[in-house]
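Please read this briefing alongside the sequence and the model.

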Amino acid sequence: MTLLTPFFGVITALIVVPLLLLLYMLKLRRERRDISSTLLWTSRTQDLRANSLLQRLRLSPLFLLQFLLLLMLAAALMGPILKEWSRPSGRVVFFIDQSASMQTRDAPDARTRLEEAKRLAIAQVELWQGGGLFAASPPEVMVIAFAQEPSVRIPYSTNLARIREAINAIEATDQLTLLAPAMSLARAFSEAQSSPQEAEASPQMNQANNFAPTMQLLSDGNISDIAELVLRNGEVISWTRCGDPNTINQGISAAGAERRNDDPSLVGAFMTLRNDAQTAAKREVQVRNNGTLIASASEPITIPPATGKGDTRVSGAQKLSFAPFTLENSGVLSMNLLPEDAFATDDHAVIAIQEQQTLRILLAGNDPALESLLNSLSFATVQQISSSDFIKRISSDATWTESFDVVVCVDCELQSLTAGRWLIFGKPPAISNLNAYGQQTRQAIRAWKSDHKTMAQSQFSDLVVDRSAAIAPTSDWLALLEGSKGPLIVSGRDNNATVIYVAFLPLDSNWPFQRSFVNFTAQAVEFLGALGSAVTSESLEPGAMLRTRIARGSSNVSIQTPSGDRIAQTPTDGEIVFGPIRNVGVYKVESVDPLGKKKTRMVAVNLTNLAECNVAAANQLNIPAGDLQSTVIGLTALSIWPLLVSAALCLLIVEWFLYHRYGGSS
Amino acid sequence: MSSHTKLTKLEDLLQPSLVAALDRLDLMSQKMLQGRMQGERRSRRRGQGMDFADFRPYAAGDDLRFVDWNIYGRLDRLFLKMFLEEEDLGLVVAIDASASMDTGDPNKFDVARRIAMALGYVGLVNQHRVTLAVLQEGRADRLSSLRGRRRAADAASWLISQKAFGTSGFDSACRALASARLGRGMVIVIGDYLLREGYESGLRCLASRGWDVFALQILSPEEMDPRKNNQNLDVRLVDLENKSEVEITLNSTVVREHQRRLETFNTTLRETCLRLGVRQMTIDSAVDYQKFLVETLRKQGLLK
């Protein structure tokens, strides 16, 4: 048992107990009353020494009860708690995990882990703040909520009400768990709030007390960057585990939908289910379009069990695909795993299906092969213009290219790139990122980035380029195709232009006679076009930035979050950037274009991160080069004072009964 | 607590409105008592009264005025008519004048003196031999042998001059009263009877002398209910006679216990008086003593 405020109780006892003794030893000043005879009166007190100030102490039951009562109250004022605990001195930083896994509902009383963490933190702070007037100074507390990015909810403070309010205001997110940024933030705050004079006066003390505050981590232990954490000298972090290590989870690890190329009105959907349990699980699956049930498994789907244990464990997976269904307009496809388990976030996935639409392509320049190929693409309408007219047109109207989804240029002498998506063949545009420095001849292919969307299902080993531009792109540009003398196809951004640059003309190579030419060109157009208004669904992870283009001159631009909040946005250079996204669901980007037509674009956000979906709380945290107290501790200590006060009240009742039963004295 | 009223004149003791009522009353003894002088009360002594009692043969020396000449005419023998002689009644009104009587509101000693004056007045107007006495410090100071209405002022002056102090010495005072040559008669002893030494011996001494003893106990309202007129619950009770002290807290338990003791004490007093052939009565000093004299005492048979 620990006493929070021993001095308060001792001082109180030293005052009131002797006072009680004195009161019992002092003779009561009674009113003299002359009566005819005391014959019928029996003295209720035995000591009748009338002239003495004090009398001997009479140990009556009432005195003993009152003595015991005062001792109990004094003991209650000492703030006893049943726990091996001591009040930290200096500063304390609470790191409260608000990541997706903290929404798992496996804490006592059906609370989520985050609710439990907040309750524990508040209880701990209240415990430190307890003790009343004579209590030692409570530690300064800073609260940092962290998921993918940390935020200081309250800087160092001793104001209990504000701390409690700040902790209660921490909301759940669906982001990953990154602790390192939170610790960096805490260190920065600690260093910033220690005065230079203090640091100069006592560097060691300063480091111990200010730079290295006591850190309390309230988390389930599923921390993605735990391997990157390094504790500084003197830093100590205590971890309070929130959650059950035996909690298992099944969820949707992947979900998608695509319009078919041959018939864009048909949408095909697929999903992958995962199971972390060691036994197979059966779950029902439903697919809804804008809330209407469109597909459901006839019987529960069996998800195979996970294999392996610990770090080598591989979750069981079950892939599902649904028959294509007709969806001509946009819609929200929701996939649900029923019934919900403790971690409901990954039991649902949403997919925003955009309205079927045809890409508008501008072909600038004269290339029969490209012209024939682009016209053959079913999802595109092609407008052709000569390169000289194109140069003239964009010189007079720089925004003209924004009216097309993709601009394909063949051997155009571009001095700059306006906003838009560009597929450029031949002459390099005069932009600094490419660093064009001449020409190369006779190149074979060394390598290509086959995992890029534009290069998929293509074979470039037989390609020979007779003549190409020599370029040395900056490092932020991606080389998709490497020739023997330099990059031949690169991808990157220049201001508001997204560019795929092919450093040669198709007719200067044997490419038009190869299948990779068709595949690449089609996929490049689709890739660039999908960045603006997709023909397929688009999905983001929590923590990502929502970035989308808005037609110039649009008004009333806003984003409606899954919770229904509408946040006004101001486009910058025809683009809005929102985020990092905190929660899963469908985000609606709404605007009114210059023609007064309302535009809505939906972006789905789903949690598919395997680390975050593994909701079994960690048994141990290992932070390298640090002094981690990885034991699971409970922050709530049992306060004894209510019991003592209750016992004192009971004694008071007994004392009252005896007083009235036996007439106030022995 | 004493609330001694200043009694300075006869009217303080005996209000004129009460005098008329008392004029119609007379004392009534339960015993036929022998007086010293002819009075207005029937006695056992045969003599010159108005009520015929018996005949007896004439003996030499008898007063010829009492010879029944009618019988002599019929029987030719001399018989003497015997009459119940009307004698005076000896009335002794004794007051406990100890300090304990000088308490209460109304003051017990004042009430006792008023009752004594009233009873004495009844005795005086009925030509009885009235003796007033105060029992104090083992003595019985007396104002003896008063007779006739004219002596009422003397009786009042004497009563007014009496002070309550010290102890009564009840036993000794009763013996002293009994040993006084007061003849036989009625003795009314007025007091609170809260006597540590007891009262039985004194009452027995008076009753054994053939007196018709009436014990009148006066208790103050505070003695009946200790919480009356008392705001402070923590009190130090001081005995006025022996100065002993008792510290108490007047809670309900203590008061209840006191009332139980008082009830027991009064029951004992009644039983003792019954055993001694002494009439007894307990009154509150706050009683309407005029009504008490005119109605209650008549119902009790002390007055008629």
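Which residue just after helix 7 of chain B takes a positive phi? That residue is Gly210(B), with a phi of about 85°, where helices (H or I, at least four residues) and strands (E, at least two) are DSSP runs numbered from the N terminus.

This is a predicted model, in which local features need pLDDT of at least 70 and side-chain atom pairs count only at pLDDT 80 or more, while totals for chains, interfaces and linings use all residues. Residues are numbered from 1 along each chain as its sequence is written, chains are lettered from A and ligands numbered from 1 in the order in which they are written, and side-chain values use heavy atoms, with hydrogens and water left out.

**Chain B overall**

- The secondary structure of chain B comes to 10 helices and 11 strands, and buried residues make up 55% of its 304 residues; buried means under 20% relative accessible area, exposed over 50%, and partly exposed in between, with a 1.4 Å probe and protein chains only.
- Among the contacts in chain B with a separation of 6 or more, 76% come from residues 24 or more positions apart, a contact being heavy atoms within 4.5 Å.
- Chain B exposes about 13,700 Å², of which carbon and sulfur atoms supply 48%; accessible areas come from the Shrake-Rupley method with a 1.4 Å probe, and for residues only the protein chains shown count as cover.

**Nonpolar cores**

- The largest nonpolar core has 51 residues, and those with the most contacts inside it are Ile115(B), Leu119(B), Ile190(B), Leu293(B) and Leu297(B); such a core is a set of buried Ala, Val, Leu, Ile, Met, Phe, Trp, Tyr and Cys residues joined through side-chain atoms within 4.5 Å.
- Helix 4 of chain B (residues 108-125) gives this core its largest share, 12 residues.
- Leaving aside residues up to four places away in sequence, Ile115(B) touches Ile190(B), Leu216(B), Ile218(B), Ile283(B), Tyr289(B), Phe292(B) and Leu293(B).
- A second, separate core of 33 residues includes Ala140(B), Phe265(B), Leu269(B) and Val278(B).

- In helix 7 (residues 200-208) of chain B, the buried residues include Gly202(B), Leu203(B), Cys205(B), Leu206(B) and Ala207(B).
- The buried residues of helix 7 pack against helix 6 (170-179), strand 7 (185-191), strand 8 (212-219) and helix 9 (252-276) of chain B.
- Gln127(B) lies in the loop between helix 4 and strand 5 (129-136) of chain B, and its relative accessible area of 30% makes this residue partly exposed.
- Although 20 residues separate Gln127(B) and Arg147(B) in sequence, they are 5.5 Å apart in space, C-alpha to C-alpha.

**Salt bridges**

- The count comes to 37 salt bridges over all chains, each being a side-chain nitrogen of Lys or Arg within 4 Å of a carboxyl oxygen of Asp or Glu.
- Glu116(A) and Arg111(A) form a salt bridge through their side chains (2.8 Å, N to O); Glu116(A) is buried at 9% relative accessible area, and Arg111(A) also counts as buried, at 18%.
- These two residues belong to a network of salt bridges that links Asp109(A), Arg111(A), Glu116(A) and Arg119(A).
- The side chains of Glu171(A) and Arg582(A) meet in another salt bridge (2.7 Å, N to O).
- That pair links distant parts of the chain, 411 residues apart, with Glu171(A) in the loop between helix 4 (160-168) and helix 5 (180-192) of chain A and Arg582(A) in the loop between strand 30 (575-578) and strand 31 (585-592) of chain A.
- Glu171(A) is partly exposed at 30% relative accessibility, as is Arg582(A) at 25%.
- In chain B, Arg149(B) and Asp23(B) meet in a salt bridge (3.0 Å, N to O).
- This pair also joins distant parts of its chain, 126 residues apart, with Arg149(B) in the loop between strand 6 (139-146) and helix 5 (152-160) and Asp23(B) in helix 2 (residues 16-23) of chain B.

**Cysteines**

- A search of the whole structure finds zero disulfides over all chains, a disulfide being a pair of cysteine sulfur atoms within 2.5 Å.
- Cys650(A) is partly exposed, at 47% relative accessible area, whereas Cys273(B) is buried, at 0%.
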